[in-house]
Structure formats: C-alpha cells, structure tokens
Amino acid sequence: MQPSPQDLSDDQDVLVRALLSLESAEEVKAFLNDLCTPAELRAFAERFKVARLLDEGQLSYRDIATRTGASTTTVTRVARFLREMPHQGYRVVLDKLKDSK
C-alpha cells in the first residue's frame with residue numbers, strides 16, 4: 001500500500017522537526033550520515049556547491065559543471081530554483097551564510 005499524500009506531508013513535517021531539534025554541526029552530520037546514503041549526501045553537497053557558485057555569479061554554467069562534477073542539467077535546475085521557484089530555500093540559506101560571516 002502506497003502512503004497517501006497526507007502521510008508523506010506528515011512524514012516530511014516530522015523530518016523538518018527532527019532537523020530543527022539538532023543543536024550542533026556534529027549532530028546534523030551524524031543524523032545525515034544515518035539518514036542518507038553516501039551518494040545522496042554527495043548529491044546534496046554537489047547541488048549546494050552549485051548554488052553557491054551560481055550565487056557568486058563569476059562562472060558560466062559549463063564552468064560550474066566542470067568545477068563541481070555536476071551535469072549541466074543539474075546546474076540549470078539549481079539556477080532555476082534560485083531564480084524562479086517560490087520555495088526560495090537556497091536563497092534563505094545562502095543569505096543566512098553570508099550574514100553569519
């Protein structure tokens with residue numbers, strides 16, 4: 001039996017609360033290492049590096065793909081989320097990191 005969309009939403013809410021409960025970088029790393037496969041963690045880190053490089057605005061999509069190992073499709077998708085998507089999750093985190101410097 002497939003979970004309902006509501007079940008998936010509820011599970012996502014619990015996951016968000018779990019992440020918010022973590023109090024240190026070590027706790028976050030431990031949780032992510034338990035939660036994700038090494039390939040998933042590499043993919044997350046790669047996408048976030050792409051977002052950081054796009055935000056710097058110094059490199060072409062192709063150069064970012066070469067530097068990160070991401071496909072140009074991934075670079076384009078991350079760029080679209082940075083520019084157009086309503087969630088603005090990348091933007092929130094990038095701005096918070098800039099403010100914390």
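## The largest pocket

A pocket is here an open set of grid points at which a 1.4 Å probe fits, with protein on both sides within 12 Å along at least five of seven lines. In this predicted model, the largest pocket holds about 1,000 Å³ of space. Its lining is made up of 24 residues, and those closest to the centre of the pocket are Leu-19, Leu-32, Phe-44, Phe-48 and Val-93.

Five helices each supply at least two residues of this lining, namely helix 1 (5-21), helix 2 (25-35), helix 3 (38-56), helix 5 (72-83) and helix 6 (89-99). Helix 6 gives the most, with six residues. By class, the lining of the largest pocket divides into 16 nonpolar residues, four polar and four charged.

## The second largest pocket

The second largest pocket contains about 210 Å³ of space, and the residues that line this pocket are Ala-25, Val-28, Lys-29, Leu-32, Leu-41, Phe-44 and Ala-45. Six of the lining residues are nonpolar and one is charged, while no polar residue takes part.

Within helix 4, which spans residues 61-68, the buried residues are Ile-64, Ala-65 and Thr-68. These three lie on the same side of helix 4, because they cover an arc of only 100° around the axis. An α-helix has 3.6 residues a turn, so residues three or four places apart point the same way.

What covers the buried residues of helix 4 includes helix 3 and helix 5. On the other side of helix 4, by contrast, Arg-62, Thr-66 and Arg-67 are exposed.

## Residues with positive phi

Gly-69, which follows helix 4, has a positive phi, near 85°. Gln-88 also has a positive phi, near 55°, although Gln-88 is a residue other than glycine.

Gln-88 is placed in the loop between helix 5 and helix 6. The relative accessibility of Gln-88 is 23%, and therefore Gln-88 counts as partly exposed, given that buried means under 20% and exposed means over 50%.

Terms used
Residues are numbered from 1 along each chain as its sequence is written. This is a predicted model: local features need pLDDT of at least 70, side-chain atom pairs count only at pLDDT 80 or more; totals for chains, interfaces and linings use all residues. Side-chain values use heavy atoms; hydrogens and water are left out. On a 1 Å grid over the protein atoms alone, a cavity is a set of points where a 1.4 Å probe fits but cannot get out, and a pocket is an open set with protein on both sides within 12 Å along at least five of seven lines; lining residues have an atom within 4 Å of a point. Grid points are joined across faces, edges and corners, and a volume is the space filled by probe spheres set on the points. Helices (H or I, at least four residues) and strands (E, at least two) are DSSP runs, numbered from the N terminus. Ala, Val, Leu, Ile, Met, Phe, Trp, Tyr, Cys and Pro count as nonpolar, Asp, Glu, Lys and Arg as charged, and the others, Gly among them, as polar. Buried means under 20% relative accessible area, exposed over 50%, partly exposed in between (1.4 Å probe, protein chains only). The arc is that of the directions from the helix axis to the C-beta atoms. Contact means heavy atoms within 4.5 Å.
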